[in-house]
Every structure is written in C-alpha cells, then in structure tokens.
Amino acid sequence: MTTRGLEFNVYTRFGGCLMVSVAVFAALLAVPAQATYTDIHPSGEPGHVAILDGVYGSTFSAVGVPLPNGLNTAYSDGTITVTRVDDDGFVDLLDLLHGASGDGDDDVWTDGIAHTSAQARYAGNSQEFGYKELGVYAKLFDVSGTGFGVTGSGTVSFAAGATWEWARVDDSDGGSLVTPHYSDEFSNTDGLDHMVTYHVTGDPSVPAAVNVWLVFWEDLNGPYGGGSDRDFNDLVVEIMAVQCDFDEDCDDNDECTDDTCNVDRACENIDNGLCGACCLSDGTCIEDVLASSCPGTFIGAGTACITPEACCFPDGACDMLDPLCCVVQGGEPQGPGTVCTEPEACCFPDDTCAMVDPLCCDDLGGVAQGPGTQCTGMQACCDAAGACYMADATCCIANGDTPLGPGSVCTVPEACCFFDDRSSVVSCAALDPLCCADMDGTPMGPGTACGGIEACCDADGVCYMADTTCCIANGDTPEGPGSFCTQLEACCFDDGTCTMVDPMCCDEIGGTPQGAGTVCTQPEACCFPDDTCAMVDPLCCDDLGGIAQGAGSVCLGFEACCGAVGVCYMADAACCLANGDTPQGPGTVCTQPEACCLDDGTCTMADPLCCDDLGGTPQGAGTVCTAPEACCLPDDTCQVLDPLCCDDLGGVSQGPGSVCLGMEACCDAAGVCYMADAMCCLANGETPQGAGTVCTAPEACCFPDDTCMMLDPLCCDDLGGAVRGPGSQCGGMEACCDDAGACYMADVTCCTANGDTLQGPGTVCTAPEACCFSDHTCTRLDPLCCVDQGGTPMGPGTSCLGYAACCLGDGSCLQIDALCCERIGGTPIPDEQCGVLEGCCIPDADTCLAECLTVDTFCCELEYGGTPTGAGTACGGDADGDDVDDLCDVCPRLDDEEWCPECTTTPIPTVSEWGLVVMTLLLLVGAKLYFRYRRQMPAHQQQTVMKKEVSGNP
C-alpha cells in the first residue's frame, strides 16, 4: 500500500470517458538554481527529497545533475522518477498532456484537462490554488491542514489551444487573498519565480498514458534574505492530465473519437452494464472501468465503489477502504461510518498483547485496553492467590494481577513464609518465589517445603506459633512438634533486666523464670554493697543481693559523695542519697584534702568537693590553713583572717602580725573622702584623717588656679584648696574680670570669692582689643572686661592709635585717641594739637554771603569748609546791617569767581590786619615745630604729654 495523500490516484468518469484525478500537495521547500533552474534555499523544514518520500511512501535519492545547496535535477526510488523542469528556458510553453522535462519551461502551460490536488503544506499563511487564463484569475480550491495531512482538489477543462499560468494566493497581504503568485515570474509583483516543477514518471499506480506533474511554491515576496526564505515548500500540488472529455471527444455511442484517447481504456455507456468497480493494489476503488481496463481486481459489471470504512486485516492492521476492496485484500469491513483510529494495546485470551486498532482487536477476539495504552512485553504475572503465569504486563494489570518486571519468568514453587504478624501464626505456602515476594512473603529457596505449626522462640524470648521451616528461616528456635506458647511470666537475666516471656523461651535465652503469675515492673534503682547502682526490676535486684530504692528511682551515676563532716567517698549518686550524704555531680572523684575557706572567713582542711558542699571555697591543691592577719576587704573594712580566705573574699592581706586599726575618714589622691579602716587607707596609698573623723557633705573647694571641686572639707585642705563653706557649690568655669580689667577663666564661686566680676555662663576670655572710655581714653582690654569697666570695645584686632586733634560736629576740638575720636563721630587729625578759637567764615554759594562761627582753628576748615579769620578773632555781629557778620564782610573766597562772581577786588589790608596775618603765620610755624618735636619723643613721653594736655596741666 502507498502512503500518498487523499485520493492520490482516483479515476473519475467525465461523461463516458476515463480521466485521472490528481492530488494537490502543500509543503515548504527550497532548491538553489543553476543554469535554467530557479535557486532554492533549503530551510529547517522538510526539503524536496523528504516531501517526495512522504508523497510516494518510499525513499528517493539523486540520479540527475547536481545543483547548488545539495539538490539535484532528478530523483528516483528505483521505480518512480521525478525530473526537474526548466524554469527559464527558451520555450515558454509546456504541454500538460504530452509534455516532459526538457520540452519547455514551466511559465506557461497548454493542452488538456487537469485534475489538481493538495499534497503538502509547510506555511504559516493560508493557501489557495488556481490559474490565470486570458489575464483572469480563477480559484480551484482552498487548502486545509498542514504537513502531509492536507485536503483540497479541483478539476479544470481547458479549451483546445488554450494557454494559462498556474497561481496560488495566501493571506500574507492582510487576509484579502487578492495578490496571487503566478508560474510566470514576469506576472509577479517582485519579478521573481515562485514555482518550480517536477515531471513524474514510472508510477505503477497511474496508467502510463497519464502525465503527472508536481509543482512546489514559495509564498513570500522578495529575494532570499530580503523578506523570503525561498525554500519552495509552502505549497505542493500534484497535477494529472486527463486524456479526453465526454462532451467533446465521445460520439453518440459514447465511444471516444479522438485518436489520442486509448479505446481499450475508455468505458462505454454505463447503461450497457459492462463497466464496474475496480479495486487497485493499494486498496482504493475506482468506478466505471471495463474489466479489461482494471489495473487491479474487477469487482463485477454494474458494481460501484462504496464509501470507505474501516477494514481490519488478520495482522490487526486497519485501513480506510471500500468494503469490496477490503474483502478483496483479505480484510474484514467494519461497517458503514467506521473509521480507523490510533492503535492501542489489545489483550488476547492467552494474555499476549498486540498494538492494533480497537475495531480489529475485537475482531481478533481480544480486549482493547483504551486509547494511549501500549503493549509492554511478556513477563511473569501473579494473581491474587499467588499463582504465577506468563502474560504481557498490560494484560496482567488488566486482569487485576501484578506484573513482576521485564524479563521475569515463572519458576518452580517453594516454601513461602509470611512473617508480617507475630501475634498470629506465621504461615507457610508453596508458591513461585516471585509471587511469594509480591504477596510480602519470604521465599525459603529452591526445594524447600513447609513443615508443621509449633511453638517458636525468637532471640528476644518472644514465643509465637509458626511453621517449623519459617521459624528456623527467621533465625528462631522451634520448641518441638506439639508445643504451644503459654502464659507469660517474669524472667530475670544476669544483667538485672526483666522480660515477660514464655517460661520455655526464658530458659532458651539464658534467663531465670520468676514463677507463674509474676510480672516485670518498671526498673528502679538498685544499690549494691559497694555503693554501685543498676536500674533493674525489683525482683531482679533482690536476686542480685541489692536493695531496691523504690518505684520511680533511677541510678544517677558513680561520683564523689560527701558525708556530713566533709569526708569524701565514691558512690552512685542515688546510693549516696540513700546513705543520707551529698553526691557531688557526674564525673566527680574524691581528691586530697586542701584548705577550705568558709563563708565566715574561717579556714578548715577538706576535700575540695566537700568544701564546696559545706558552702566554702577550696583554695587549691596543697594549700593549708595558716595564722590569721589583717585583711583589707573591697569595701575598705578590715578583718583578721587566714591570708587564703582574705584573698578568697577579694581582700588584701596586710602581712603576718598585722591588725585592724579602726574606721575613720580617708582622702584619696583625687580628694574623694571615704570611710575606711586606717590600715586599709594607708594600704591604698591614701591619707587617713585621724581617729574619730568622718566624711561630711562635699562643699565648694577653690584651688590656686581658680578651678573648683566639690570636696569634703578635710580633703580640700589636704589638696591645698580653700573651702567655701557648708552648702557652697561649684558654679562652672566662665570669664572673670579683676579690678584692673584683666580677664581670666575661673569657677563662678572662686571668681566671686576673689572679689572679681563674673562675665556670665559660657563666656571665655578673648584677645584684648582697643577699649574707649567715656573720658575718651583708650586701653587694650578683653572686650568683656572693657564693658565691665564701662568702656566700649572697638572690635577684634583693634589697637589704640594715640592722641590726635579731634574736631567735633559743634566745631570744638578735643585732644584724644584717634580711634576714640572716630567712635564719637569726630574727625581725628593725627600728630596735631587742637588750636585756639577764632572766627570762621563759612561761605554760602547761593547768596554769595558767609556765615560766621567761632570755632577751633583746625575745625573751621575740616568740619565746615570755612575760612579762619585769624587767631583771636571772634564773630562780632552785623554792625552794618548787611546780614553778614562784620568779620566776614570781605568775600571769603576771592579766588573762586564761580562761587562768588560779584566779588571784584580784595580791599588793601590795613596795618592792623597785616599784623594779624603775620601773627597767625608765626603761630602756625611755631605749632608745626612743636608737633614735629613731640613726634620725635619716645612713645611713653608722648602719652604723658597728651594726658597733661587733656587734663589741662602743662
């Protein structure tokens, strides 16, 4: 049988003439072109050779000329040959009915009737097949399915001499199916070939006169790598040429008149009863065939093909065949509407299994096991009773039995023991060892046989009824034929353990029966004469010569035990307690006595464990108690103790013969006062304050560096400080100014005690700066002390500048420090002395007049921009009534015509006026010489002179 697709060689009658139906075949493939062959690029999907194998159900290999990418111009399976048709030859026209490869290229076709059918499809896009004739596209069929499981076919009859192009369409243009690809590349929008063609010859299922073609399509536009993979396997269609058409090529007697129509293959009118159904070798059925034209088995005149149904063959294979052809093939039709399904496991009465269609399974007398089941192979199988038989594992399970694994086989039965429940009889049965294990039994080995039931004692003394063979196989002891297990009683062993066992088993396991009705009880501590202990049943304790310690007691382990007087001996803790003594803990052992210090400081010789038991502290191996001496304890009290016990209490021994001196006040190096024994105070390197002294409440203690500490008055005096009295408190460090204005850091309390002035919490002394006082003197002081002295700080980094003439806003002049002059808004004139008062004419540019003020000579010009009228002059009034002081009647700025344009000439001075001028010049020259002389003095002399001048003392 062939594996070709749907209706792959079906003959269809058109009128009374024979035509061959063709299968359409979709697939994805690529073949590179050389010479006149389109280039194909194989992809990961099935290629042309794989598709040929699938279509014809055989194996094809290359027999032509090699092409690029591993392809060839022709392939054959030894019977069928497929040969590549030129894609771009010189002859464009290919004859459908009579053409062959080499006759022309596959662009344009002519001649005959074509039956087309889909064979394979390997494309994501939907596929539709048709043709273009006279520029018009016509659809033949849609393709359903993918791979080789596709359907779709159609027949077209072309007029004599007609030409056409084959076409395919998909939804790659958005689903509109309006942009076909044609066999002629010049009809395609991308100008590329989208169809390659093979000519098929030698197919035994097709009459020799029928021409068969396979066309392979590429469904994506663009060159390779430019949008398309060019593998030419998206759709594969088979095209069969039909010899003649009933309407055109047959006469009134339904006989073919066309010489090309082979008469011995044409069927006459079906009404004459000569035509019938024909079953081909592959089991398919064709109708309207003469017996002489049937290439298979002719069913009979007047017969017709029946709808295919499931057909079962003796080997269990199932195929969809015409029921008549099914019988011809030796099969059994399964009835109308039946269809073959996937093979499944089929179990036969002999428990063998075969993979067959379930319909065929029933025909063969088997039981189908259901979809997806698989035969797994013959192996041993155990039924519920333990019987072993050979069966397929699937059939074994279907029987409700247990398969024993691949390769297993049933063997000779042997003794099988069942040990699951010791409370009942351990039974034995003769079974196949595999089934014995399957039933949770234990096979006893080839040739073994079951014995009889009797009492059996195991290694633990448990008695149970068992088959003799099973008892021995279990490693236990049979008690003899006819023996039975009896009532349990207590059984004591040499190690003091007690077990409730059958008396027979007690002896077997080396114990001593305690008598009928005795029962083992909970083990308890049993103390022996050597003070060892064991956890045994009270019955067994007495047997061993020990003393039971009572229900619930337990042995605690061998350890040191201390008696009431501190004597140490080794015993089990439970026995130690039973003696009224004290156990010392697991792992402890008695050792040599050593010094032991008790809570009251006394010393006694004892084992260190017993020392601890007495509440004391062992002092170490080899230590001995000695004579007591003074011991200073951490709280500075003193006791007379053994030196070892002194150290044990955290104290310090003061040496042999030392004694305690009594508690009194003691001052340490930091001035802290605490109560201590005088001996201990001295031992601390500190100062006792005398018998009867006591520490009192701390008070402020000021030291020579003006720091302060809260100390006991006794300790303050010791450290060279001065107490400030009961209740006094240190106040914290801050800046403090003394009477001279010097700043120093001192505690609040100490500053006040010194009679100096505090500057406030957080204040600190800073660098001195210039300080101006109300008398206009200047001194460098800390700014805090400056303010404290009533002065005004002039700012960081400032210094007194020295005395200078200072002109004030009212025209007066003071001889003060230049920095202080600026502070009060004056104008300092360094290295100058204030002059004398005289008239000062101050011009008024608006009126060309002058105002007269009596001011210091230096200040007239500096403060008012006026003109001094001469030493000794003074504003005298307006005698001439011209609104100008008489002293200023003369234009004060003769050289400034812009200011006073009305002034013309200056009157000639009188003799007295010349005298004043000369006197003024002499005074000015003298003053200048004086100040030059004073600048040459040392600084301290300049200050002395300045102070005298300010005070008015020459």
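**Overall picture**

Modeller: The protein's secondary structure comes to 20 helices and 67 strands, counted as DSSP runs numbered from the N terminus (helices H or I, at least four residues; strands E, at least two). It's a predicted model, so local features need pLDDT of at least 70 and side-chain atom pairs 80 or more, while totals for chains, interfaces and linings use all residues. Residues are numbered from 1 along each chain as its sequence is written, and side-chain values use heavy atoms, leaving out hydrogens and water.

Colleague: What percentage of the 954 residues counts as buried?

Modeller: Buried means under 20% relative accessible area (1.4 Å probe, protein chains only). With that cut-off, the share of the protein's 954 residues is 44%.

Colleague: Within what arc do the buried residues of α1 fall?

Modeller: Helix α1 spans residues 48-56, and His 48, Ile 51, Leu 52, Val 55 and Tyr 56 are buried there. Taking directions from the helix axis to the C-beta atoms, these residues line one face of α1, because they fall within an arc of 115°.

Colleague: Which residue just after α18 takes a positive phi?

Modeller: Helix α18 covers residues 857-864, with Thr 857, Cys 859 and Cys 860 buried. Those buried residues fall within an arc of 165°, so they line one face of α18. At the helix start, a side-chain oxygen of Asp 856 comes to within 2.9 Å of the backbone nitrogen of Phe 858. Just past the other end, the positive phi, about 65°, belongs to Gly 865.

Methods: Buried means under 20% relative accessible area, exposed over 50%, partly exposed in between (1.4 Å probe, protein chains only). A polar contact is a pair of N or O atoms within 3.5 Å; within protein, one must be able to donate a hydrogen and the other to accept it, and residues adjacent in sequence count only if both atoms are side-chain atoms.
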